[in-house]
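Let's take a walk through this fold together. Keep the picture open while you read, and try to find each piece as it comes up.

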Amino acid sequence: MSSAHLDCIKLGDALPALTLAPVNRTTLALFAGASNDHNAIHIDIDYARRAGMPDVFAHGMLSMAWLGRLLTQWVDQRRLRQFSARFTGITHLGHQITCSGKVVELFEVDGERRARIEIQTANQYGETKILGDAVIAL
């Protein structure tokens, strides 16, 4: 987003949604390799079942990465000042995740105009999986 467009941001503005392909085993294996997070609960069905789960499920940080992508497709990553999230549900195989965000506050810190963005992921059934917020410089 150009600086001129950043000047036009107002409360209630929505970020363009980011909808991903359904989560599959390949996605989990690729993320495990890229993140060096080889926790068996995410890649080994036998381990997941012994832990009481029906199958493996997505890494929480994979969804966090998708939220980061949502933000950096909207503004340059150099404008990101804060990014946090709270995991509220498990993203299972087959879930198609949509990331969304909305401007909820405009404020200033040390002369820098900023916006607070509420962000979330939800599956195709409307179940929220992550809630969070981010602060960007305008």
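Strand 3 and strand 4 run antiparallel to each other, paired over 11 bridges. This is a predicted model, so treat what follows as a description of a prediction. The hairpin has two residues between its strands, and one of them, Asp110, takes a positive phi near 50 degrees.

Strand 3 has another partner too: strand 1 pairs with strand 3, again in the antiparallel sense, over two bridges. Look for Thr19, whose bridge partner in strand 3 is Thr98.

Here are the two pairings side by side:

| Strands | Sense | Bridges |
|---|---|---|
| Strand 1 and strand 3 | antiparallel | two |
| Strand 3 and strand 4 | antiparallel | 11 |

Now for the inside. Which residues touch the most other members of the largest nonpolar core? Out of its 30 residues, they are Ile9, Trp66, Leu70, Trp74, Cys99, Ile117 and Ile136. Helix 2, helix 4, strand 3, strand 4 and strand 5 each put at least two residues into this core, and helix 4 gives the most, with six.

So let's zoom in on helix 4.

Is Met61 buried, exposed or partly exposed? Its relative accessibility is 46%, so Met61 counts as partly exposed. Leaving out residues up to four places away in sequence, Met61 touches Phe31 and Phe87. Its C-alpha atom is 9.4 Å from that of Asp37, which is 24 residues away along the chain.

Last stop: the loop between helix 3 and helix 4, where you'll find Asp55. Asp55 counts as buried because its relative accessible area is 17%, under the 20% cut-off. Its side chain makes a polar contact of 2.6 Å with the side chain of Arg25. Beyond its neighbours within four places in sequence, Asp55 is in contact with Arg25, Ile45, Ala48 and Leu93.

Technical notes:
Residues numbered from 1 in each chain as written. Predicted model: local features only at pLDDT ≥ 70, side-chain atom pairs only at ≥ 80, totals over all residues. Heavy atoms only, no water. Buried < 20%, exposed > 50% of the residue type's maximum accessible area, 1.4 Å probe, protein only. Contact = heavy atoms within 4.5 Å. Core = buried A, V, L, I, M, F, W, Y, C linked by side-chain atoms within 4.5 Å. Helix = DSSP H or I, 4+ residues; strand = E, 2+ residues; numbered from the N terminus. Polar contact = N/O pair within 3.5 Å; in protein donor to acceptor, adjacent residues only side chain to side chain. Pairing = 2+ DSSP bridges.
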